[in-house]
Amino acid sequence: MFYTSRLLRSLLPAIGISILVGACDKSDGANLSQGERTAIADSIKRTVVAAYDLKKPDVVSSMMSLYPKSGRVISAGSGSATTTRPELEAQIKSFWDRVGKNMQSPKWEWTSMNLDVLSRTSAVMTATYRVPHFTPMGQPHVIGGAWTAVFQLRNGRWVIIQEHLSDSPTP
């Protein structure tokens with residue numbers, strides 16, 4: 001009896017999460033038509049591509065437009081994580097000041113972009129990218145990686161609430 005009750009107690013959290021996930025899926029995600037899923041995915045793709053247009057004058061502000069103006073934002077990459085918008089903005093600005101500004105003729109290329117629309121208000125994107133450019137010495141160079149981001153619809157805007165970035169290994 002002790003073993004059975006201990007086993008049941010250990011399974012209850014998993015059972016509860018399964019019921020909750022199932023209820024969420026049925027309440028919103030399962031009711032989406034393929035057309036609605038495609039429209040949401042296309043909207044997010046357009047938003048991301050526009051934010052990473054390196055020809056825009058203020059690249060940091062453009063990239064930061066993908067995140068909510070307030071509240072928690074979790075971003076992980078390169079072995080560290082941030083939990084606030086100011087921390088994330090400081091990391092993006094640091095990357096741009098150290099690396100981005102030194103790239104000559106950079107072009108952001110999306111090599112894949114896969115979106116799963118979970119509901120009318122949430123989606124997950126996993127994308128890969130590369131940025132061919134020239135170094136200040138005129139040598140060709142490429143950086144790239146993979147990016148998974150959780151989007152939420154807030155105040156009519158798709159924003160990233162959690163993300164993980166992984167740099168491609170250097171050749």
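The following legends describe an overall view and close-up views of a predicted model.

**View 1. Overall fold of the chain.** The model is predicted, with local features requiring pLDDT of at least 70 and side-chain atom pairs counted only at pLDDT 80 or more, whereas totals for chains, interfaces and linings use all residues. Residues are numbered from 1 along each chain as its sequence is written, and side-chain values use heavy atoms, without hydrogens and water. The chain contains four helices and six strands, these being DSSP runs numbered from the N terminus (helices: H or I, at least four residues; strands: E, at least two). Their order from the N terminus is α-α-α-β-β-α-β-β-β-β.

View 2. Of the 171 residues in the chain, 30% are buried, that is, under 20% relative accessible area with a 1.4 Å probe, protein chains only. Among contacts (heavy atoms within 4.5 Å) with a separation of 6 or more, 50% link residues 24 or more positions apart.

**View 3. Pairing of β1 with β6.** Strands β1 (residues 72-77) and β6 (residues 157-167) run parallel and are joined by four bridges; pairing requires at least two bridges found by DSSP. Ala76 has His164 in β6 as its bridge partner.

**View 4. The hairpin of β5 and β6.** Strand β5 (residues 140-154) runs antiparallel to β6, with ten bridges between them. Leu153 lies opposite Trp158 of β6. Two residues separate the strands of this hairpin, and Asn155 in the turn has a positive phi of about 50°.

Notes. Buried < 20%, exposed > 50% of the residue type's maximum accessible area, 1.4 Å probe, protein only.
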